Protein chains: 4
Amino acid sequence: MMPSLRIAVVGASGYSGEELVRLIARHPKLELTTLTSRAYDGKKAGQVISGLPSQAAAIAFQNLPPAEVAAGIDVAILALPHGVASEYALPLRKAGKTVIDLSADFRVKDAAVYEEFYHQAHPAPQLLADAVYALPELHREAIKKSDLIAVPGCYPTSILLALAPALKEKLIEPKSIVINSLSGISGAGKKAEIGLLYVELNENMRAYGVPRHRHLSEIEQEIGLLAGEKNPVTFVPHLVPLSRGMETTISATLAKKTSASELQKIYESFYAKEPFVAVKSGEELPEVKHVVRTNKAEIAARIDERTSRALFFSCIDNLGKGAAGQAIQALNVRFGFEETLGLSV
Amino acid sequence: MMPSLRIAVVGASGYSGEELVRLIARHPKLELTTLTSRAYDGKKAGQVISGLPSQAAAIAFQNLPPAEVAAGIDVAILALPHGVASEYALPLRKAGKTVIDLSADFRVKDAAVYEEFYHQAHPAPQLLADAVYALPELHREAIKKSDLIAVPGCYPTSILLALAPALKEKLIEPKSIVINSLSGISGAGKKAEIGLLYVELNENMRAYGVPRHRHLSEIEQEIGLLAGEKNPVTFVPHLVPLSRGMETTISATLAKKTSASELQKIYESFYAKEPFVAVKSGEELPEVKHVVRTNKAEIAARIDERTSRALFFSCIDNLGKGAAGQAIQALNVRFGFEETLGLSV
Amino acid sequence: MMPSLRIAVVGASGYSGEELVRLIARHPKLELTTLTSRAYDGKKAGQVISGLPSQAAAIAFQNLPPAEVAAGIDVAILALPHGVASEYALPLRKAGKTVIDLSADFRVKDAAVYEEFYHQAHPAPQLLADAVYALPELHREAIKKSDLIAVPGCYPTSILLALAPALKEKLIEPKSIVINSLSGISGAGKKAEIGLLYVELNENMRAYGVPRHRHLSEIEQEIGLLAGEKNPVTFVPHLVPLSRGMETTISATLAKKTSASELQKIYESFYAKEPFVAVKSGEELPEVKHVVRTNKAEIAARIDERTSRALFFSCIDNLGKGAAGQAIQALNVRFGFEETLGLSV
Amino acid sequence: MMPSLRIAVVGASGYSGEELVRLIARHPKLELTTLTSRAYDGKKAGQVISGLPSQAAAIAFQNLPPAEVAAGIDVAILALPHGVASEYALPLRKAGKTVIDLSADFRVKDAAVYEEFYHQAHPAPQLLADAVYALPELHREAIKKSDLIAVPGCYPTSILLALAPALKEKLIEPKSIVINSLSGISGAGKKAEIGLLYVELNENMRAYGVPRHRHLSEIEQEIGLLAGEKNPVTFVPHLVPLSRGMETTISATLAKKTSASELQKIYESFYAKEPFVAVKSGEELPEVKHVVRTNKAEIAARIDERTSRALFFSCIDNLGKGAAGQAIQALNVRFGFEETLGLSV
């Protein structure tokens, strides 16, 4: 029997980091060895993160410099801001450790696109060639062989899962894609800002980040790979008052006449063996409450005959399949564990 | 000085009806004379509707048949389901009363379209010719002369205000319009259904009603009038967890090259004299918290140069500008009161 | 190795029933054999209950009469209204099955008290002598030997855990106890009532059920056993806008001078070996977010020197330790499983 | 006809300050002349505060030192932290202006008690003798004659209104009073702190601030005045997930046998002429939704015969009757306006 993998979570003080620690603590093949956070240096995990079993709760946060994380671990999971993630990835990769990165640093293959969307030169372009865009439903085989695993953003995950079968089958015009996504507040991060206060966000909602949200860089890269041609798409994110959850609605012009039942069959067949993707049928559309606190994605595809468009829907938990859950799924794939190990469906 | 108008609110037991009663009770030129509700027959308004001044709170609900509402009033405001509204509108119009109807019965000019979307023959087609679609920003002059005032739906209000200037100026391709709207829960009505319970909707969200939501009938009618041609459009409504508020995001392909500043100027100029429409400039997009409990609409228009599309945004209170507030605004227009009388901006 | 126990969940359509199904589906020693519900007869569990693994999701609800539940099961868990629960408990006990009942029918030993608080004669008084009040922290040994296990109410659980050490040590005057509890909305059940709609409860709160909430019957019974004398106490429940969670605050006059550190030591010692009770120290008080979706109770005891009173606090998840989780904990105790098996701490 | 009063709002950047600006902007006898805020210096009111009419929205925030506020105004309303409020009150009173202060600086008559609860020497003890504790229902006549009007805290307002009739009539034992209050999140202020983020507070609740919340200083002062003797009381505040609203539940031992109908009569009679206090009768208890966005307080008094205690309940809007609304009510009293002018009931 394979022994447990020793895991470091680097930057465990945000909402994705907290969720990672919860998932690792319950994963039968992972041992949480190292926890780093500048903000919580010296505190016990259990003082900051709720819902931990006692062993994990007793682990103390350390404020470790990049060069010292590698000691005594097999895998480092980085829950850091973009840019900072590379500062840790470089020495960790040099030390031969597998790196699973939740930031944007290694999602986009083209350093020029990174610079265009993140307004800074890529901090570690020499690592890009080895990185894999770790959406297992699209890149499972590549994940198995990579030691630099870039976990997709939450919006891209919800969008690409909804679009992949239609793009692969060339059912829709890539240029016609219009995406609207609704995100729960945890997607905006754990920052002491007036704009994130309860009273500012409760009973409120708004669109933001148009027309050029950073996630477009990876969305357009992956749509391009699926469609065989690269095009810009329209993407409008919205902030809505719930803690966790994401809903995405996409419209696109049909490239060829397709019936509702053909479309349904294509989607069901594409995801038939995927443990975390549920294709809704009949009248039902995805709902956040079906996926929250799981690694599941609910998706649906519908035909709007009046406009000759297709409509695609998906719901995920932005901290689950949209971040920490997907990181664990990718880790399971990479190390040959059962893909659902330690995850809820 | 003009004496007060005597008002009946018919079907005052839903959320729009409650809001109507609150607005009428504070309006200096309106006298709430008659309140009808089958469910609340015999109860005092104050037992059912919170936030009423004492005089209005003391009025008792009656269960009046259609033929008896006209007695002693000048204007009847109907907050009834479609179909039922016509049963009251017919005798009230026969009695010469001005009818302001919040249902869908008199919004669509074409009885065949009504039948297509509402799955029943139109209950009073003989009245359709006299009805006005009471979005004051588009049909102010017609409202002044009509005694059958059809208050637009909440979704159509938020959509048409966002699109009107661009359509009038032929800046966008009407066929390319894709609309996503987010509605607070009060938009789903006050019905004792499991699906509307707190626990079912809190921390949840979903799209619904695709691809053929009933409001498309009036949305497409009015877009057709603005654009000079009739086309189907894509419309996806969503239910999100807040009590009141609506956000709409629309994309459309530009029909001609338009700069951001030209677009901004066109919008500001179109709404320059409108007391209830605020056009956002700069980086800011509309937010629900700016409009909730008011009759205001915030709108914004942006260019997405990467895709040659325009993006339009609006926020309203679905019970305010989306229902009861707009009814009062239309009443103010019809009877020559100051348009903002009794309403918040 | 002991084979799995075959479980029936009777009345699985409410929030406690749903949570039970989720917990049983993940419990390594339990096999969900039978699911009954009148409302959902014929539906699959996965159509109604979210977050189930596929095997459990495929089980169909049946509408079984009381006499037919016993076939093919070892244990029946009843998630039924009081009164109805007895109709099932009687034939199930006659058939020799272990019954775990979440209703109030078997919590109160004295049939006269039941009648006083539930306004009906006790429906199965002959079973009362064999029933155990299944708060494991107080009655663990008795649970091991009982086949009629009455799971405490959510309010009583949160109250008794907070008071037990102080009452046992005679630190407080039983007559002086004043209890205020705050409950999330799922505590009010899944009923199609206007009063439980999202719009009615969101941004609202209120006290209710005074001065004689039904749970007082079991609260006073158990306080009496702990204190060695029976007295009425003051209990005020409140409904607050969150889906899951309960907070209880209790004050009582000190019976003898007690320092904060003595009180703290008594509480820590009383619960030292309890896997599900965490005693907060220092400045921290219990928080709902630490216990939601777990079987954990956080409690705290403080001295108010200015008034010579003690203050007690607790937080639980009303559907977890307050209902379904506690049922599974009691089942684990009864059948000799590890007490935390299948439960979160 | 009296001309308008010219008003300065000092420190208008918090939630109480915003609400004050909204109320003043709609008050027919008040003219908002000066707005100060360090944080928003140079911004227009309408950029920061939603729901303002256009004239008020155009007023710019200034960063004025204490000595310069007095110019061109009649009344200054201070929405500042305690301690800082005195720095402004001193020069304003010297300049002969009426000061309405929402901080704690002038609520407590005894500077030693202030120091005990606020951990600093009183910053302006020479002004204390002239200050009035501005709960109009208790001190209306004194308010009429004062130019230093200390607006009570939100918790004290909800508590004192619920207790006053019972204390005046000596129906209850003052020493036995136990108070539990539930506050919406806006009561915690508008501060960029992790603990006030949406994700930290949504779906969460907790008690805090025991056993010695600062508001006890004014609560015990006023209970002492009503009862004719000074005693410490038990007070436990709780934070619950809604934006605005406060619920208070109080228990106290009956000092003499009192029937429910006697108690009801005493409460109704005490508040018979109060425009903002509604005494609930029958089964109904106060609800936050009845008072939010108004200056109203709902209260109820009940007998718990089983324990010989009385129970008192109240609901207010913590930003309305608990802060800004009460400031305007006190201003109306002071300047002889109709007491409800510009306020909702």
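A: The model discussed here is predicted. In it, chain A and chain B meet through 37 residues of chain A and 37 residues of chain B. On the side of chain A that touches chain B, at least two residues each are supplied by strand E8 (178–183), strand E9 (206–207), strand E10 (234–239), strand E11 (246–253), strand E13 (297–304) and strand E14 (309–316). Sorted by class, this side of chain A holds 19 nonpolar, nine polar and nine charged residues.

The symmetry of this pair can be stated directly. Two copies of a chain are related by a rotation about an axis and a shift along it. Chain A is superposed on chain B by a rotation of 180 degrees with 0.0 Å of shift along the axis, at an RMSD of 0.0 Å. This is the relation of a two-fold axis. Pro241(A) has the C-alpha nearest the axis in chain A, at 3.2 Å from it. Both copies use the same surface, since 100% of the contact residues of chain A recur in chain B.

Chain A also has a contact with chain D. Here 15 residues of chain D are in contact with 15 residues of chain A. Helix H8 (residues 198–201) of chain D gives the largest share of the side of chain D that touches chain A, namely three residues. That side of chain D comprises nine nonpolar, three polar and three charged residues.

Within chain A, the assignment gives domain 1 (5–152 + 322–334) and domain 2 (155–318). Their C-alpha centres lie 25 Å apart. Between them, the contact draws 20 residues from domain 1 of chain A and 23 residues from domain 2 of chain A. On the domain 1 side, helix H5 (111–118), helix H6 (136–145) and helix H11 (320–334) of chain A each supply at least two residues. H11(A) provides five residues, the largest share of that side. The domain 1 side divides into twelve nonpolar, five polar and three charged residues.

Chain B shows how individual helices pack. Two packed helices are described by the angle between their axes and the distance between the axes. Helix H1 (residues 15–26) and helix H11 (residues 320–335) of chain B pack at an angle of about 40 degrees, with 8 Å between their axes. H1(B) is therefore oblique to H11(B). Their crossing is right-handed. From H1(B), the contact involves Ser16(B), Glu19(B), Leu20(B) and Leu23(B), while H11(B) contributes Ala323(B), Ala324(B), Gly325(B), Ala327(B) and Ile328(B). These contact residues comprise six nonpolar, two polar and one charged.

Some backbone details remain. Most residues other than glycine have a negative phi, and most peptide bonds are trans. In chain A, the peptide bond from Val210(A) to Pro211(A) is cis, with omega near 0 degrees. Pro211(A) is situated in the loop between E9 and helix H9 (216–227) of chain A. In chain B, the bond from Val210(B) to Pro211(B) is cis, with omega near -5 degrees. Pro211(B) lies in the loop between strand E9 (206–207) and H9 of chain B. In chain D, Lys170(D) is not a glycine, yet has a positive phi of about 55 degrees. Lys170(D) is placed in the loop between helix H7 (154–168) and strand E8 (178–183) of chain D.

Methods. Residues are numbered from 1 along each chain as its sequence is written. Chains are lettered from A and ligands numbered from 1 in the order in which they are written. This is a predicted model: local features need pLDDT of at least 70, side-chain atom pairs count only at pLDDT 80 or more; totals for chains, interfaces and linings use all residues. Two residues are in contact if their C-beta atoms, placed from the backbone, lie within 7 Å. Helices (H or I, at least four residues) and strands (E, at least two) are DSSP runs, numbered from the N terminus. Ala, Val, Leu, Ile, Met, Phe, Trp, Tyr, Cys and Pro count as nonpolar, Asp, Glu, Lys and Arg as charged, and the others, Gly among them, as polar. Copies are superposed by least squares on the C-alpha atoms of residues with pLDDT of at least 70 in both. Axes are lines fitted to C-alpha atoms, for helices over the stretch in contact, and angles run from 0 to 180 degrees between N-to-C directions. Angles under 35 degrees count as roughly parallel, over 145 as roughly antiparallel, 65 to 115 as roughly perpendicular and the rest as oblique. A crossing is left-handed if the near helix is turned anticlockwise from the far one by less than a right angle, and right-handed if clockwise. Domain bounds come from an automatic or database domain assignment.
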